[in-house]
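Work through the exercises below with the sequence and the model open. Each task is followed by a solution in steps.

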Amino acid sequence: MSTFPDATRGRLSEGANGSGCLHWRVLVDRALPGTTNMARDHALALLARPGEGTVRFYRWAAATLSFGRNEPVTIGYRDLLRRNPEVEAVRRPTGGRAVIHDREFTYCVVIPARAYGGLRLAYHRINQGLLRGLRRLGVDAGGAAGTAAAPDAGPCFLEPAEGEVVVRGRKLVGSAQARIGGAILQHGSLLLVSDQSALVGETGARGPGGNGTSYRRGAGPTVAAARTGSPITLGEILGEIPPWQRMVDAIQRGFAEEFGGRWVSGEMTHEEIAMATTLEAKYGSRQWTWRR
């Protein structure tokens, strides 16, 4: 069922900055294992078609520590996983740094590589869409003025990178991006009620969790201090977590306002599902997960 009232009737949703040049498909998934989530995002990028964009919203079946494509796996990360055997691990197809995915709202955007002027401009436009959506939820968010971080700079929520979504100077959404074939893939985590403190501990030589911190599933918004202050969660900002469908509607509409175009609800094609099934073997392999 479409979450855009007019989508099934083929009307256009033109954004203030959009030209309506792309046709957009929206996918909403149930909670899935990390290997499946990464395989699906990767498959959508590999099979992206000219003139079409895809947005996917999803959750995680279990708490999962994800590494950026080129991020070194430190002793601290390994210690964290040994202390918390219930936390799974996966390596993303995108760059960026480590995140514990648990109680969060995860988005994925796939667009043709040349649709909006390349990686940097696409990153800016996608983040603007997130800001528009968050304002629909009553969140006064803005873009960070930081700089790009190196793969070995520590966990994702340690500090915001340039353009990332912040509230009161604290990071709310962490995103990662890559060019895959003829497409740009960007996905990211909007923290709902999530404790990243076991990762934020990577401010010292001992690595994440080096102070003995363990991961606490579903913990509250209090997080260990970081370089620019602790990350913030939607639950902390609003005092409650909005219903899932309300968040889907708000972020989807934010993207539509930013990009314009025709928006319809859809499903993955048989070809995309087959490709994702093949890619799951890669994302479930130790060779890929622990390659750095």
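**Exercise 1.** Decide whether F259 is buried or exposed, and classify the aromatic pair of F255 and F259.

Solution. The model is predicted.
- Step 1: F259 has a relative accessible area of 1%; the cut-off for buried is under 20%, so F259 is buried.
- Step 2: F255 is buried as well, with a relative accessible area of 0%.
- Step 3: Both residues belong to helix α6 (residues 244-259), where they are four residues apart and therefore separated by about one helical turn. An α-helix has 3.6 residues a turn, so residues three or four places apart point the same way.
- Step 4: A search of the whole structure gives eleven aromatic pairs. In the pair of F255 and F259, the ring centres are 6.5 Å apart and the planes stand at 40 degrees, a tilted arrangement.
- Step 5: F255 and F259 also belong to one aromatic cluster, together with W24, Y107, Y116 and W263.

**Exercise 2.** Classify the ring pair of Y283 and W288, and state whether these residues are buried or exposed.

Solution. 
- Step 1: The ring centres of Y283 and W288 lie 5.8 Å apart, and the angle between the planes is 85 degrees.
- Step 2: Planes over 60 degrees apart count as edge-to-face, so the pair of Y283 and W288 is edge-to-face.
- Step 3: Y283 and W288 are both buried.

**Exercise 3.** How many residues of α1 are buried, and over which rings do the charged ends of R56 and R59 sit?

Solution. 
- Step 1: Of the 13 residues of α1, eleven are buried. Among them are the charged residues R40 and D41.
- Step 2: The helix α1 spans 18 Å from first to last C-alpha, close to the 18 Å expected.
- Step 3: The charged end of R56 lies over the ring of Y58, 3.8 Å from its centre.
- Step 4: The charged end of R59 lies over the ring of W244, 3.9 Å from its centre.

Terms used:
Residues numbered from 1 in each chain as written. Predicted model: local features only at pLDDT ≥ 70, side-chain atom pairs only at ≥ 80, totals over all residues. Heavy atoms only, no water. Helix = DSSP H or I, 4+ residues; strand = E, 2+ residues; numbered from the N terminus. Expected span 1.5 Å × (residues − 1). Buried < 20%, exposed > 50% of the residue type's maximum accessible area, 1.4 Å probe, protein only. Phe/Tyr/Trp six-rings, centres within 6.5 Å; stacked < 30°, edge-to-face > 60°. Lys NZ or Arg CZ within 6 Å of the ring centre and 35° of its normal.
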